[in-house]
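Welcome! Here is a friendly briefing to read alongside the sequence and the 3D view.

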Amino acid sequence: MEYLAGEYDVIVVGAGHAGCEAALAAARLGCKTIVFAINLDSIANMPCNPNIGGTAKGQLVREIDALGGEMGKNADKTFIQSKILNSAKGPAVFSLRAQVDRRRYQIEMKKTLESQENLHVRQSEVVDLIVEEGNRVAGVKTNTGAIYKSKTVVITTGTYLRGKIIIGDFSYSGGPDGLFPANKLSDSLRENGIELLRFKTGTPARINRRSVDFSKMVEQPGDERIVPFSFETETIEKEQVSCWLTYTNSETHRIIRENLHRSPLYSGVIEGVGARYCPSIEDKIVRFADKESHQVFVEPMGLDTNEMYLQGLSTSLPEDVQIEMIRTVPGLENAEIMRSAYAIEYDCIDPTQLKNSLECRKLQGLFFAGQVNGTSGYEEAAAQGLIAGINAARKVKGLEPLVLSRSDAYIGVLIDDLVTKGTNEPYRMMTSRAEYRLLLRQDNADLRLTPIGYKIGLISEERYAKFLAKKERIEKEIERLKKTTIAPSEKVNSFLRARNSTEIKTGIKLVELLRRPEISYDDLGEIDPDRPELTFAEAEQVAISVKYEGYIKRQMQQVEQFKKLENRKIPENIDYSSIQGLRIEARQKLDKVRPESVGQASRISGVSPADISVLLIYLEHYKEKEK
Amino acid sequence: MFESDTIAAISTPHGTGGIGIIRISGDEAFDIAARIFKSRKKFNDIKSHTISYGKIVDPSTGETIDEVLLSKMEKPNTFTREDVVEINCHGGIVVLKRVLELVLAEGARLAEPGEFTKRAFLNGRIDLSQAEAVIDLINSKNAESSKAAVRQLEGRLSEKLSVIRKLLIELIASIEVTVDYPEHDIEEITAVQINEELGKIISKLRDLARSFERGKVIREGISAVIVGKPNVGKSSLLNELSGKNRAIVTDIPGTTRDIIEEYININGIPIRILDTAGIRETKDVVEKIGVDRAQREIENADLVIMMLDARTGMEESDTAIYNKIKDKKKIIILNKIDLADKVDEDSLPEGVNIIKMSLKEGIGIEQLEDEITNLFFKGEIISNDEVLLTNVRHKQLIDMAIKSINDARNAYENGMPIDMMTIDIKNAAEYIGQITGESVSEDVVHEIFSRFCLGK
């Protein structure tokens with residue numbers, strides 16, 4: 001029996017990492033919002049690794065926070081170990097990574113959603129889209145017959161769409177972590193002309209801590225100094241727990257090899273496309289046959305549980321093989337499996353059907369974010385969710401969408417890659433995908449994005465004022481370093497000698513000394529007694545800006561060049577088939593992706609520089625005609 | 001890449017008797033010209049839209065390259081509506097090319113085919129009705145130059161470039177995996193290792209750049225082939241031409257029999273000239289290889305020089321050869337006229353340039369040289385233009401790659417972290433990729449996943 005259950009500005013379908021950000025952003029921007037989850041106890045679940053951040057992903061979390069998103073704050077509240085990766089490899093690739101208490105993370109996030117003004121949290125399975133005039137979404141219908149009308153809908157279904165769990169030769173229809181799948185919405189999407197893909201991912205087994213012999217493993221403690229994710233979190237002091245490292249051996253590999261025929265990956269049961277960077281252990285052993293052992297990280301799932309995650313042993317082999325294989329690993333001889341490893345197949349969409357705003361081109365008001373767009377990872381999902389939520393709200397208000405460019409943020413790189421190139425495997429963010437990564441650092445995410453977050457309305461006046469003060473302190477300090485001259489003296493030269501640095505004979509600017517690789521900003525304090533008191537983050541910002549100034553300037557010049565083509569917009573209704581001189585392949589590709597700028601067009605594979613020239617000329621012509 | 005940088009190119013087709021114009025357009029056009037043009041007046045004092053006499057001097061060596069007339073034209077009243085400098089050179093194609101190289105070394109980018117016209121259009125200089133013509137031009141020019149590029153890329157240049165590119169991609173992948181997968185038990189690459197690897201790559205690139213300067217790797221200018229039956233005097237002609245004219249490089253491949261090639265220079269036109277050992281049907285396998293190659297060379301040649309024996313005129317075996325070349329631009333030489341009492345002119349093909357020659361007596365050589373020069377400047381032998389320009393572009397890209405690798409090594413010397421080195425290493429790979437037409441980022445991601453074992 002159908003009935004009208006309510007009218008909203010924004011409906012969010014799914015309450016994973018993308019859905020939570022989307023719902024919070026829309027509600028915070030003043031839209032009447034409802035978020036659906038198949039099970040409210042699965043809000044912000046981490047069905048795979050219990051950690052947040054890491055290379056490139058840590059940058060994403062920082063960016064989410066700088067724009068006014070929730071992930072960083074929630075991680076700060078609930079992490080149990082914190083680490084900075086790559087600390088010696090260069091400032092562009094410093095990355096924050098935290099082990100998180102999975103259950104507490106969910107509880108915190110659920111509480112945040114529940115407490116949010118304008119936001120209604122609802123358990124139900126959405127089965128149908130309501131479409132008006134064939135091109136505009138107008139709401140959704142749930143499995144109980146409730147109709148929710150709305151101006152916009154954000155789909156954040158993760159791996160739930162027609163989810164199928166596979167463990168060896170056994171499989172069933174199901175969502176992640178023993179939850180129900182969403183089996184009907186796929187059909188509704190397809191009926192409305194949305195093209196679907198089928199992807200696959202997997203997760204390792206969880207074992208009981210009591211059954212692990214840690215004496216055979218190497219302890220992996222957290223960092224002493226804790227760096228928070230959120231720019232708003234000032235300092236954190238807390239007890240940290242360790243992870244543990246052990247290795248597979250020839251015995252493990254023998255068992256896997258002998259049972260390969262029972263793996264659904266090799267028997268053909270799995271149709272979905274998996275990611276190259278996220279191979280199962282059987283995949284690693286087949287593809288890298290000469291490698292004698294592989295790492296296994298044993299990570300706690302939280303403080304209130306004995307469950308531990310086995311990073312490195314993702315598999316879809318049958319349960320009996322899993323048990324046998326795990327028990328060959330040092331320290332895991334008596335391991336007691338609590339949850340089996342499994343592979344999951346699910347429907348996602350071809351993301352080239354989306355605009356840069358994450359709105360679908362076919363159906364106005366319909367947005368997609370997260371794993372349903374073919375990505376992988378909680379952080380990638382949350383980043384898209386935030387943008388989709390912001391843009392759904394802006395659509396309701398009749399405002400231009402927020403689109404970040406590749407030179408603004410990793411979020412910009414992520415979305416541009418998805419909508420321009422599409423993906424044929426679950427897409428993971430990597431620093432090597434960002435051509436301007438020296439500018440897109442985790443330490444300056446607030447400088448890059450907080451003004452945008454403020455303009456949009458997700459950053460409070462109070463936070464913005466604090467941000468401006470911080471920015472000013474950084475700029476003033478850089479100015480001071482450039483102006484202040486240090487005279488040669490015994491004190492200065494003995495300071496330099498102690499660091500194997502060339503002594504000075506004449507006066508030298510502080511900035512020159514700081515440029516020397518052997519001298520850190522902290523060190524310099526010894527001969528610079530008049531310096532102002534700066535926070536760690538401010539001092540870091542000053543040091544990076546000075547030490548890498550030359551490189552930063554060069555990348556900024558490249559960005560200037562890059563922006564020229566980005567700023568050449570392509571009219572939405574352009575008819576590529578009428579452009580003489582475009583090659584047929586280019587016409588088809590351009591028509592499929594419908595790029596919003598000439599710059600974006602130039603990144604589509606199959607579109608040549610000559611095609612771009614032709615397009616530029618056509619656009620000039622077009623502009624003239626419009627006049 | 002499309003708008004504000006300064007572009008340069010040879011803007012005249014050949015056929016103007018050794019005079020060529022190099023056009024420079026863009027914000028830096030005047031700065032570049034000021035650095036290389038020496039005349040009585042300082043460049044900055046030269047009035048707009050006037051022509052000045054002076055010399056082009058390489059600022060790094062002080063060497064004078066050519067005496068020229070230079071036109072300076074300030075925007076907006078120029079063809080492209082940008083600052084434009086035109087340099088009229090007189091020293092022939094080789095000098096023209098050197099001046100262009102100097103302009104590029106000073107910071108200009110080689111213009112894409114049709115790019116001046118495109119800029120003129122985009123800056124509102126050309127009437128809109130010409131839009132389609134511009135599009136056609138861009139398309140046809142691109143097709144032409146990519147054909148030229150592909151032809152050059154066959155063989156050794158392409159092999160060497162792909163080796164270098166592969167080394168660069170592997171190196172970038174090693175760095176990226178170290179950076180993106182910090183906790184995996186992969187062997188992390190260190191700055192010292194990167195620097196060593198860069199040392200190897202840069203010496204390969206330098207070798208390549210040097211061979212460009214010697215004109216060894218790539219063919220420039222006209223490619224000409226000498227054909228004719230055995231003992232008609234092909235080798236003597238080649239010796240005569242290369243002995244008399246300064247041979248740039250002699251290259252005798254040891255593996256392929258029956259083909260000898262020389263790089264010579266006739267009146268400033270570089271020519272790669274090949275002597276084929278004779279095209280005839282053969283059952284001898286080894287010889288067949290030579291003959292196959294001879295036929296391929298004929299297909300690729302811009303000009304075929306066919307030699308006949310004046311004593312016999314056109315025989316059956318000559319006709320067989322002639323049939324294979326009749327669609328090519330060709331010159332026919334009637335050799336050994338000193339030994340022939342009378343030439344059977346009727347047997348010779350009609351409508352073809354015929355030169356009577358006696359290599360022994362030294363008759364007809366100059367006539368041949370003039371005929372080649374003539375064909376070249378009349379533009380009847382085409383394709384050398386595109387090839388030449390492509391070569392300049394390749395050399396410039398290789399030089400830029402060398403500079404980038406030097407920058408990366410400086411970063412190492414200055415104690416920069418490895419991530420800073422990747423910026424320049426990636427630039428180097430991009431430059432090489434622009435020659436081979438491949439992009440870097442996709443390849444790196446692919447390389448990372450195929451070489452390293454990663455995953456959760």
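The side chains of D101(A) and R104(A) meet in a salt bridge, with 3.6 Å from N to O; a salt bridge here is a side-chain nitrogen of Lys or Arg within 4 Å of a carboxyl oxygen of Asp or Glu. This is a predicted model, in which local features need pLDDT of at least 70 and side-chain atom pairs count only at pLDDT 80 or more, while totals for chains, interfaces and linings use all residues. Residues are numbered from 1 along each chain as its sequence is written, chains are lettered from A and ligands numbered from 1 in the order in which they are written, and side-chain values use heavy atoms, leaving out hydrogens and water.

**Salt bridges**

- D101(A) is buried, at a relative accessible area of 2%, whereas R104(A) is partly exposed, at 36% (buried means under 20% relative accessible area, exposed over 50%, partly exposed in between, with a 1.4 Å probe and protein chains only).
- R198(A) and D347(A) form a salt bridge through their side chains, at 2.8 Å from N to O.
- R198(A) lies in strand β12 of chain A and D347(A) in strand β19 (residues 342-349) of chain A, so this pair ties together parts that are 149 residues apart in sequence; strands (E, at least two residues) and helices (H or I, at least four) are DSSP runs, numbered from the N terminus.
- Both R198(A) and D347(A) are buried.
- In chain B, the side chains of R23(B) and E86(B) meet in a salt bridge of 2.8 Å, N to O.
- Because R23(B) lies in strand β2 (residues 20-25) and E86(B) in strand β6 (residues 84-89) of chain B, the pair ties together parts that are 63 residues apart in sequence.
- R23(B) is buried with a relative accessible area of 18%, and E86(B) counts as buried at 16%.
- Over all chains, a search of the whole structure finds 81 salt bridges.

**An open sheet in chain A**

- Four strands form an open sheet in the order β11-β10-β19-β12, with antiparallel pairing (two strands pair if DSSP finds at least two bridges between them).
- β11 (170-173) and β12 (196-203) of chain A stand at the edges with a single partner strand each, so one side of each is left without a neighbour in the sheet.
- β10 (residues 164-167) of chain A pairs with β11(A) in the antiparallel sense over 4 bridges.
- K164(A) has S173(A) in β11(A) as its bridge partner.

**Helix α13 of chain A**

- The buried residues of α13(A) include Y464(A), F467(A), I474(A) and L481(A).
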